[in-house]
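Let's go through this model by question and answer. Have a look at the sequence and the fold before reading on.

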Amino acid sequence: MTSSGAAARDPGASRPQDGREGALMSIGEVLAHLRTEFPDTTISKLRFLEAEGLVDPQRTASGYRKYSWNDVARLRFVLTAQRDQYLPLRVIREQLDRMEKEPVVPQRPTLVAVGTQRATDPADTRIPKADLLERTGVDEVLLAELEQIGLVSARPPGWYDADQVIIVEAVVGLTRYGLEVRHLRAFRNAADREVGLFTQLLAPLARQQDPAARARAVETARELQALSQRLHAALVRSGLRGELGR
């Protein structure tokens with residue numbers, strides 16, 4: 001990427017205002033910045049976005065990546081577009097390319113994802129198989145295996161909702177560390193047990209015809225999901241701390 005292109009996509013608004021405009025960051029520092037807004041982001045994800053041409057960090061003589069604040073803004077743009085509009089990387093790349101070609105204006109515009117509406121429910125999103133493959137980097141063989149064991153499911157006539165994208169992205173990341181599909185059955189089984197338990201808790205509200213009661217059921221379901229995620233993360237973190245002797 002050229003320096004003129006970098007200037008054209010400079011958002012400015014997300015940069016610190018303490019004179020560190022030219023500071024470069026390691027991939028770990030970038031991850032720390034992004035995780036405050038995108039907690040599911042991983043180093044593998046950042047490397048994947050680089051491989052897909054969405055960001056082009058500098059390299060030191062030793063080969064270490066060094067990111068500018070402009071690179072961080074591009075990553076934030078990509079992650080926001082994926083999270084809020086569920087856009088495939090091809091579309092996001094086209095948006096970034098158009099922004100690079102636009103004239104630079106004196107103001108510092110905030111780099112935000114194109115689109116005015118955010119999907120209210122991941123289940124309402126319809127993502128074609130081709131876009132799922134491009135966005136996640138999964139191959140068709142692995143996707144077929146995930147569908148076979150029930151970890152991922154498509155809706156007729158072959159659409160995937162946003163939750164399926166998240167599942168596939170997580171699986172791709174786990175497989176990079178050596179996990180195999182057979183190991184993932186435990187995640188499916190554990191999730192099914194939680195669904196059964198939470199369904200019992202939500203049943204009294206869900207059975208009511210009152211719209212307010214059903215709204216409370218939806219909100220309670222969100223809260224149960226959040227608490228479950230916190231519990232799971234803390235248990236795994238505590239267990240690994242013991243294994244690592246920390």
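Q: Which residues make the nonpolar surface patch of about 290 Å²?
A: This is a predicted model, where local features need pLDDT of at least 70, side-chain atom pairs count only at pLDDT 80 or more, and totals for chains, interfaces and linings use all residues. Residues are numbered from 1 along each chain as its sequence is written, and side-chain values use heavy atoms, with hydrogens and water left out. Patch members have over 30% relative accessible area and no salt bridge (a Lys or Arg side-chain nitrogen within 4 Å of an Asp or Glu carboxyl oxygen), with nonpolar side chains (Val, Leu, Ile, Met, Phe, Trp, Tyr) joined within 5 Å and areas taken by Shrake-Rupley with a 1.4 Å probe, only the protein chains shown counting as cover. The patch here is made by V236, L240 and L244.

Q: Why does V236 count as partly exposed?
A: V236 sits in helix α10, residues 211-243 (helices are DSSP runs of H or I, at least four residues, numbered from the N terminus). Buried means under 20% relative accessible area and exposed over 50%, with partly exposed in between. V236 falls in that middle class because its relative accessibility is 38%.

Q: Which residue caps the N-terminal end of α8?
A: The cap puts a side-chain oxygen 3.0 Å from the backbone nitrogen of D163.

Q: Which residues does the cis peptide bond join?
A: Most peptide bonds are trans. Here omega is about 0°, and P157 is in the loop between α7 (140-148) and α8 (162-176). The bond joins P156 and P157.

Methods. Helix = DSSP H or I, 4+ residues; strand = E, 2+ residues; numbered from the N terminus. Patch = residues over 30% accessible without salt bridge, like charges linked within 9 Å, V, L, I, M, F, W, Y side chains within 5 Å. Buried < 20%, exposed > 50% of the residue type's maximum accessible area, 1.4 Å probe, protein only. Polar contact = N/O pair within 3.5 Å; in protein donor to acceptor, adjacent residues only side chain to side chain.
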